[in-house]
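The following paragraphs lead the reader through the structure shown here, from the chain as a whole to selected local features.

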Amino acid sequence: MLTHHRKPVCLSLISTDLPVWSVVETAATLYQKDSERFHLLLTAPSVDSSKEIINPYSPRVLWLEISPYQVTMTMQGNGQLSYRHFWEQGVYGITRYWLPTESLQPNQPIRLRNFTNNLTLNGHPLPENLRVEYELWAEKVQLGCYILNLEIRN
């Protein structure tokens, strides 16, 4: 039986070696698929990079599929940048980015690899904290080390 809960969340992404830092605090809906699998759905306002302002009228939909063994995160941005990450501890996963529709090659994803150094999911019966530590790679060039942290408050 699919159950769902509305929860406040804090999702952060930081780089340990580059000046990259992003935090989203919002409410999300947590769907329990079974005892170890969850889906988390949240919306965040999009950022207009040309003006560096938040646009509340064009939300981004962020969907995470969470288990203790693997995580998939998909962001759809209403014609803006979209991406999908797949993480599994000790595995090279696939990361895809889709550029905005006005780009030179619309609908052609940029494919990168990520290596998951650590994937930790805490909390029972509902998840409370997810931490994914990973490296992002383009061919043989490392594009940084990152930490994705998700706090689900009860």
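**Strand pairing and local geometry**

In strand S9, Arg 131 is the bridge partner of Thr 120. S8 and S9 pair in the antiparallel sense over nine bridges; two strands count as paired if DSSP finds at least two bridges between them. Strands are DSSP runs of E with at least two residues and helices are runs of H or I with at least four residues, both numbered from the N terminus.

This is a predicted model, in which local features need pLDDT of at least 70 and side-chain atom pairs count only at pLDDT 80 or more, while totals for chains, interfaces and linings use all residues. Residues are numbered from 1 along each chain as its sequence is written, and side-chain values use heavy atoms, with hydrogens and water left out.

The chain has zero helices and ten strands. Of its 154 residues, 37% count as buried, where buried means under 20% relative accessible area, exposed over 50%, and partly exposed in between (1.4 Å probe, protein chains only). Among contacts between residues at least 6 apart in sequence, 36% join residues at least 24 apart; a contact means heavy atoms within 4.5 Å.

Strand S8 also pairs on another side of the sequence: six bridges join S7 (residues 92-98) to S8, and these strands run antiparallel. Here Tyr 92 stands opposite Phe 115 in S8.

The hairpin of S8 and S9 has six residues between the strands, and Gly 123 takes a positive phi near 115 degrees there. Pro 125 is placed in the loop between S8 (110-122) and S9 (129-138). The peptide bond from His 124 to Pro 125 is cis, with omega near 5 degrees. Glu 139 has a positive phi of about 55 degrees although it is not a glycine. Most residues other than glycine have a negative phi, and most peptide bonds are trans. With 68% relative accessibility, Glu 139 counts as exposed.

A surface feature involves strand S3 (residues 38-48), where Leu 41 lies. At 33% relative accessibility, Leu 41 counts as partly exposed. Leu 41, Val 61 and Trp 63 form a nonpolar patch on the surface, with about 210 Å² of accessible area together. Such patches are made of residues with over 30% relative accessible area and no salt bridge, with nonpolar side chains (Val, Leu, Ile, Met, Phe, Trp, Tyr) joined within 5 Å and like charges within 9 Å.

Key: Accessible areas come from the Shrake-Rupley method with a 1.4 Å probe; for residues, only the protein chains shown count as cover. A salt bridge is a side-chain nitrogen of Lys or Arg within 4 Å of a carboxyl oxygen of Asp or Glu.
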